[in-house]
Amino acid sequence: MPGMPNGKPAGVRCVQLADDNRCRIFGQPERPEFCGGLQPSLEMCGDSRDYAVHWLGELERLTAP
């Protein structure tokens, strides 16, 4: 991950997220494959930003080493 040479730890905001939460490296070859493979869905996004942030936090918690 550009700007995070040791990867992105769970619970840490990605350095590639702009203030408006858009990915700064979207569409760039250096964007990690995982990021491109994470496709939004109703299950993940729910009906609000708060729901989506909580869901992603749980995903990070469940996959933390």
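A residue is called buried when its relative accessible area is under 20%, exposed when that area is over 50%, and partly exposed in between, with a 1.4 Å probe and protein chains only. By this scale Asn21 is partly exposed, with a relative accessible area of 32%, and buried residues make up 11% of the 65 residues in the chain. The model is predicted, so that local features need pLDDT of at least 70 and side-chain atom pairs count only at pLDDT 80 or more, while totals for chains, interfaces and linings use all residues. Residues are numbered from 1 along each chain as its sequence is written, and side-chain values use heavy atoms, with hydrogens and water left out.

The chain has three helices and zero strands, where helices (H or I, at least four residues) and strands (E, at least two) are DSSP runs numbered from the N terminus. Read from the N terminus on, the elements run α-α-α, and the C-alpha trace spans about 30 × 25 × 20 Å along its principal axes.

The segment before H1 holds several residues that can be followed one by one. Asn21 is found in this segment, and its phi is near 70°, a positive value in a residue other than glycine. Arg22 also has its place in the segment before H1, and at 60% relative accessibility it counts as exposed. The C-alpha atom of Arg22 is separated by 19 Å from that of Leu59, the two residues being 37 residues apart along the chain. Arg31 lies in the segment before H1 as well, but at 23% relative accessibility Arg31 counts as partly exposed. Between the C-alpha atoms of Arg31 and Val12, which are 19 residues apart along the chain, the separation is 17 Å.

Side chains of opposite charge can pair when their charged atoms come close. The structure holds three salt bridges, a salt bridge being a side-chain nitrogen of Lys or Arg within 4 Å of a carboxyl oxygen of Asp or Glu. One of them joins Glu60 to Lys8, with the closest N and O atoms 2.2 Å apart. Because Glu60 lies in helix H3 and Lys8 in the segment before H1, this pair ties together parts that are 52 residues apart in sequence. Both partners are partly exposed, Glu60 with a relative accessible area of 24% and Lys8 at 30% relative accessibility.

Another salt bridge links Asp20 with Arg22, where the closest N and O atoms are 3.4 Å apart. Here Asp20 is partly exposed, with a relative accessible area of 48%, whereas Arg22 is exposed. In the remaining pair, the side chains of Glu58 and Arg61 meet at 2.8 Å, N to O. Glu58 and Arg61 are three residues apart in helix H3, and so they are separated by about one helical turn. Glu58 is partly exposed, with a relative accessible area of 28%, while Arg61, at 51% relative accessibility, counts as exposed.

Leu56 is found in helix H3, which covers residues 49-63, and is partly exposed, with a relative accessible area of 33%.

The largest pocket has a volume of about 1,300 Å³, the volume being the space filled by probe spheres set on the points, which are joined across faces, edges and corners. Its lining residues divide into 22 nonpolar, eight polar and six charged, where Ala, Val, Leu, Ile, Met, Phe, Trp, Tyr, Cys and Pro count as nonpolar, Asp, Glu, Lys and Arg as charged, and the others, Gly among them, as polar.

How values were computed. 1 Å grid on protein atoms, 1.4 Å probe; cavity = no way out; pocket = protein on both sides within 12 Å on 5 of 7 lines; lining within 4 Å.
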